[in-house]
Amino acid sequence: MAMAFKMATTGMWVADECKNSFMEMKWKKVHRYIVFKIDEKSRLVTVDKVGSPGESYDDFAASLPTDDCRYAVFDFDFVTVDNCRKSKIFFIAWSPTASRTRAKMLYATSKDGLRRVLDGIHYEVQATDPTEMGMDVIKHKAY
């Protein structure tokens with residue numbers, strides 16, 4: 001597996017598949033969301049799950065583990081009050097209360113490196129429980 005991007009601050013690597021999947025989501029709309037995880041042994045950020053274009057925000061939220069950290073991007077499509085179709089990409093740093101302290105620290109220190117690789121994110125949300133990243137939060141930021 002080719003590892004193209006190194007996160008200088010933590011020594012983590014971002015797998016090529018992360019950027020490739022993100023570009024497919026951004027330009028071709030083949031994914032609704034992408035969930036990324038860190039493999040602590042290989043020190044590599046990889047794609048954990050992808051959601052098909054027909055999946056909802058609830059499907060995305062349900063795909064996140066309740067006891068482990070993840071990064072995710074979600075492509076939010078909406079119609080403005082002027083009847084204009086728009087799309088905004090959200091970066092979500094998921095760090096649930098039940099996750100290990102080591103995982104929380106690792107994800108917190110590695111986040112900026114992944115964000116730099118994923119060019120085109122509009123908003124960032126940090127969440128420790130589902131209410132902090134609910135659809136009302138997403139809509140409020142997007143509009």
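I call a residue buried under 20% relative accessible area, exposed over 50%, and partly exposed in between (1.4 Å probe, protein chains only).

**Ground rules.** I am working with a predicted model, where local features need pLDDT of at least 70, side-chain atom pairs count only at pLDDT 80 or more, and totals for chains, interfaces and linings use all residues. Residues are numbered from 1 along each chain as its sequence is written, and side-chain values use heavy atoms, with hydrogens and water left out.

**Whole chain.** I looked up the secondary structure, taking helices (H or I, at least four residues) and strands (E, at least two) as DSSP runs numbered from the N terminus. The protein chain has seven strands and four helices. In sequence order they give β-β-α-β-β-α-β-β-α-β-α.

Next I checked the overall dimensions. Along the principal axes, the C-alpha atoms fill a box of roughly 50 × 30 × 25 Å. The radius of gyration, taken over C-alpha atoms, is compared with a globule rule of 2.2 Å times the number of residues to the power 0.38. For 143 residues a compact globule would come near 15 Å, and the protein chain agrees, with 15 Å. Of the 143 residues, 44% are buried.

I then turned to contacts (heavy atoms within 4.5 Å). Among contacts with a separation of 6 or more, 59% join residues 24 or more positions apart.

K29 has a phi near 60° and sits in the loop between α1 (16-28) and β3 (33-39). K29 counts as partly exposed because its relative accessibility is 36%. N83 has a phi of about 65° and lies in the loop between β5 (70-79) and β6 (85-94). At 64% relative accessibility, N83 counts as exposed.

**K26.** This residue lies in helix α1. I counted Lys and Arg as positive and Asp and Glu as negative, leaving out His and the chain ends. A salt bridge needs a side-chain nitrogen of Lys or Arg within 4 Å of a carboxyl oxygen of Asp or Glu. K26 is buried but has no salt bridge, and the nearest side chain of opposite charge, D119, is 4.5 Å away. The side chain of K26 does reach the backbone oxygen of D119, at 2.9 Å. Leaving aside neighbours within four places in sequence, K26 is in contact with I89, D119 and G120.

**T109.** I found T109 in helix α3 (residues 101-117). T109 is partly exposed, at 46% relative accessible area. M12 is 97 residues from T109 in sequence, with 9.9 Å between their C-alpha atoms.

Technical notes: Polar contact = N/O pair within 3.5 Å; in protein donor to acceptor, adjacent residues only side chain to side chain.
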